[in-house]
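Thanks for coming. Please have the sequence and the model open while I talk.

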Protein chains: 2
Amino acid sequence: MDNDKVLEIVNQKFTEYLTENKCRKTPERYAILNLIYSDHRHFDMDSLYKAMTEQNFRVSRATLYNTMQLLLECNLVLKHQFGQNLSFYERAYNNDMHHHLICTNCHSIREYKNAELKSIIQNRKIKNFTPSHYSLYVFGFCSTCARRLKVKNKQLKVNKV
Amino acid sequence: MDNDKVLEIVNQKFTEYLTENKCRKTPERYAILNLIYSDHRHFDMDSLYKAMTEQNFRVSRATLYNTMQLLLECNLVLKHQFGQNLSFYERAYNNDMHHHLICTNCHSIREYKNAELKSIIQNRKIKNFTPSHYSLYVFGFCSTCARRLKVKNKQLKVNKV
DNA sequence: ATGTATGCAAACCATTTGCAATGAC
DNA sequence: GTCATTGCAAATGGTTTGCATACAT
């Protein structure tokens, strides 16, 4: 979908949510939503804070956290925690559902798209539970680290002799 | 598997790992491993700390974190972060692989076993990635919260009129 | 004997909170 | 005008770190 169209829709959805919940439509809230949907994919709070400042719209961190809470509630943003004590976020609307490959060595994160897996998971009925979304994290070694560790292990074996 | 047998194996695996990595075999490390495998399923650091104290084996939180790092590295423990800023852990060996259902309203966590889903995910080959384990989190409403929110929504609609 | 692991207390840092000032309605 | 929202600065709380002491090897 064309990004202008996406922007239009998410702004509309956010407005609906704010209205329904009797929240105020502040410029800060819309500025944050629009920055997230302009180009950011995965991001943490610090990079979002800096990006806001860079585009000359200073908001406090408190407002950033408040707004993110709202965006999570209305499913316009997803939150991830990959093992470190740092939360990552990503846009949720028109964002091809993907899974995440996390390297336990260098902590890099790679997106992993797999339509079949997606439909299998989403179509599963679960008793006494009403699902809204899901996260699949696959942990392991990225190719770079797998190679490095192989070499390192060889060296260790040599040292042992 | 009989729990004594499990205890025997995980202690052996831990010993192997410590030896291979030239780490010391301290009583603290074994006490922590054995407590985790005695009865704890999901737990956080604070409850583990208290449980250690209760069984009259005081360890510092620093040691707890150090040891948990080792147990994660040798795949005897799994770590989860379900959205709050609190890490949960669980034993990994002889622990029927299960998924997690997380209620976004009351934050309760339910285990969800599904062998089919498990084998589909595990058997998937991924290019340039060597997987070790995975986590599938399904977010949504537990039955209790789903019921409560339904009632609440009805009341809201009445109030609007 | 050597140097790793422990306990303690302080430091860290992402996130949350309290409160006065602002501004959406 | 009213009260939700903002910014600021302080507080919180899980986790990490530095260092002197203890102890596994």
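This is a predicted model: local features need pLDDT of at least 70, side-chain atom pairs count only at pLDDT 80 or more; totals for chains, interfaces and linings use all residues.

Residues are numbered from 1 along each chain as its sequence is written, while chains are lettered from A and ligands numbered from 1 in the order in which they are written.

DNA strand C first. Two or more residues each come from α4 (61-73) of chain A and from α2 (27-38) and α4 (61-73) of chain B. Helices here are DSSP runs of H or I, at least four residues, and strands are runs of E, at least two. α4(B) gives the most, four residues.

Now helix α1 of chain A, residues 3-20. Its 18 residues should span 26 Å at 1.5 Å a residue, and its end C-alpha atoms are 26 Å apart, so the two agree; the expected span takes 1.5 Å times one less than the number of residues. After α1(A) comes A:Lys22, with a positive phi near 55°.

Last, the chain contact, with C-beta atoms, placed from the backbone, within 7 Å. Chain A and chain B each put in 29 residues. On the chain A side, β6(A) gives the most, 14 residues. β6(A) runs antiparallel to β5 (residues 129-142) of chain B, joined by 13 bridges; pairing requires at least two DSSP bridges. There, A:His133 has B:Phe139 as its bridge partner.

Key
Two residues are in contact if their C-beta atoms, placed from the backbone, lie within 7 Å.
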